[in-house]
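This report walks through one protein chain for a reader who works with coordinates.

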Amino acid sequence: MMEAKLKVSCWCCEKCVSSRRHKVCQSGDDPEVFLPLSSTIESESNSESTGSIKTDSSRILSQTSPQCGFGRSDGYNLDMSINTSLLVGNKKGLKGSSDGFYDVSPLDHLYQVLNYHPKYITVFLDTHNFLLRGIGPIPYDQRCYIGIMAAARHQCSYLVKSLAASFLACGGDERWLGGLEHIPQKLRNLCEVNRILAHRPWLLSKHHIKILNQGTDTWSISELTHALVLMAHFHSLASFVFACGIRLEAEQKQNLCRSSSGSTSDQGPFNISGSDSDAEIDRILERMKILSTETENEVSQEELRKRFDKIESQATKLMTKKKETKSLDLLQFVEDPEFLFIDFANRDPDLGITPFDVREFAWEDSGSGFMNWLNWDMTNLLDSKFTEAQEMTYYKMGHKQNVDTFTFRRAIWNYIHCLLGMFHDDYNYEEIDHLLENNLKWYIKAATCTPETIVYKNYCSFMKEFLDSEKVHIGIMVLEARLQAELLYSLRAIARHMT
């Protein structure tokens, strides 16, 4: 039985003392309980009528080889043995699943980190599994390859290598892993929308959809919707992977070296040795209290837009450094690698692009309604995931108890959307300045827009009083808010093409 080994680690699991276990959240009431971790994650199929995969998350964490907890900073590498006979799409010799599909160890460490939040990981796995092997118009191997193309835009070796293993296990053509020149033209036609969604989603228009939907090597609307969801899913998942420092062992060593040798100016507005951050949570709590007691005055749309523009403009000053070294084994999956993120505020004025008005095309109404017409199961799963990410709370902040974090969470979500050019006309953007410190803003911007630039120093330095589970929670919000933004840009473009 062929095996491959990936050594991976993550920052939130590096601080291990003696427990040799990963400290995760067992319930919504107490995120401080130790649970053992399994080396595999099992999936079960729904009825044949839907063909979707239902994940039994209660079996995710059953038994494990020694894992990591918290308390040390020298790094802990998890040696994961990947049995490729159990990877996505291989139906030979599998037991316990009627359709032969299992979700296994290529993304095992990602699942362990996500398990800080058990309710969220349930809906995440249901969605992830459905996208890759539920009922849909795109063959399984091509779904994995689209994921490879998406993750490669952010140089995410962890996801690319995992998806490559799954691609082969689905019966994919090994020659395709040699690069884009070996894949069918139909797949290669996705490269332009892939790079736009990854770095400047506001540029996506009905023109791009028309090119893909008409002419030769065309994509049907249902195929194209599935492909765009896959790309958005893996772009945003790459954000989470980098935000939590989930990396292959070789990358982790290189990353720690970059972090220790880089100057403070390269790594954002952080002050590692300063004691000022000790009072960050107290300041946030005080500001939330003030905001909750203030009487809301009627604010004109013009004034709200000015406040939005101010936050946008401020974001341009939070410089993120471009990654200097591009992984040569990932460039083969990237077309036009020099096409990178630019701030929405610095967009080309000649293009006439205005902020995306969420009121006119909101997920709750237009987005989910349009997707329901194409794929009801996928829409429900995405909707559940967005809801869980936005509403998830343990009423804690650091070691403070009984805290209503709604205002803080809303500020993070809307700030992520603001970075991607999305305007909420019912939100006072002044709250972002009141609640989000510059170091947190920098981290959110880097995780959302240029996740490959984040280093260990960044993770350690923002919101020092936050628990690791809370930093993972912020990573989840980046994942979901970015995913929703990319989906809204995509679905709007498709809707405009069809009308």
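## A buried glutamine

Q484 is buried, because its relative accessibility is 4%; buried means under 20% relative accessible area, exposed over 50%, and partly exposed in between (1.4 Å probe, protein chains only). Q484 sits in helix α19, residues 468-498. Helices (H or I, at least four residues) and strands (E, at least two) are DSSP runs, numbered from the N terminus. Leaving aside residues up to four places away in sequence, Q484 touches W363, F386, W413 and H417. A contact here means heavy atoms within 4.5 Å.

## Source and confidence

This is a predicted model: local features need pLDDT of at least 70, side-chain atom pairs count only at pLDDT 80 or more, and totals for chains, interfaces and linings use all residues. Residues are numbered from 1 along each chain as its sequence is written, and side-chain values use heavy atoms, with hydrogens and water left out.

The pLDDT is the predictor's confidence in each residue, from 0 to 100. The protein averages 77, and 71% of the residues score at least 70. Residues 1-5 have a pLDDT below 50; this stretch has 14 contacts in the model beyond near neighbours in sequence. Residues 256-277 also have a pLDDT below 50, and that stretch has 35 contacts beyond near neighbours in sequence. Where pLDDT is low, the predicted coordinates should not be read in detail.

## One side of helix α7

Which residues of helix α7 (residues 206-213) are buried? They include H208, I209 and L212. These residues cover an arc of only 100 degrees around the axis, so they lie on the same side of α7. The arc is that of the directions from the helix axis to the C-beta atoms.

The cover over the buried residues of α7 includes α6 (191-199), α8 (221-243) and α19. G215 follows α7 and has a positive phi, near 90 degrees.

## N458 in helix α18

N458 belongs to helix α18, residues 456-461. Its relative accessibility is 0%, so N458 counts as buried. A polar atom of the N458 side chain lies 2.9 Å from the backbone nitrogen of V455. For scale, a polar contact is a pair of N or O atoms within 3.5 Å; within protein, one must be able to donate a hydrogen and the other to accept it, and residues adjacent in sequence count only if both atoms are side-chain atoms.

N458 and A446 are 12 residues apart along the chain. Their C-alpha atoms are separated by 9.6 Å.

## Aromatic pairs

A pair of aromatic rings is described by the distance of the centres and the angle of the planes. Rings of Phe, Tyr and Trp (its six-membered ring) pair if their centres lie within 6.5 Å; planes under 30 degrees apart count as stacked, over 60 as edge-to-face and the rest as tilted. By this rule there are 16 aromatic pairs. W202 and F344 are edge-to-face, because their ring centres are 5.1 Å apart and their planes stand at 80 degrees. The pair links distant parts of the chain, 142 residues apart. W202 is in the loop between α6 and α7, and F344 is in the loop between α12 (328-331) and β6 (356-357). W202 is buried at 4% relative accessibility, and F344 is buried at 2%.

F308 and Y429 are also edge-to-face, at 5.2 Å centre to centre and 75 degrees between the planes. This pair too links distant parts of the chain, 121 residues apart. F308 lies in helix α11 (residues 301-315), and Y429 lies in the loop between β9 (422-423) and α16 (430-435). F308 is buried, with a relative accessible area of 0%; Y429 is buried, also with 0%. Elsewhere, Y145, F167, W176 and F333 form one aromatic cluster.

## Charges over rings

A charge sits over a ring if NZ of Lys or CZ of Arg is within 6 Å of the ring centre and within 35 degrees of the ring normal. R305 lies over the face of F423, at 5.7 Å from the ring centre. K471 lies over the face of F462, at 4.6 Å from the ring centre.

Most residues other than glycine have a negative phi, and most peptide bonds are trans. D336 is not a glycine, yet its phi is positive, about 60 degrees. D336 is in the loop between α12 and β6. D336 counts as partly exposed, at 32% relative accessibility.

N402 is a residue other than glycine with a positive phi, near 55 degrees. N402 is in the loop between β8 (400-401) and α15 (406-419). Is N402 buried or exposed? N402 counts as exposed, because its relative accessibility is 75%.
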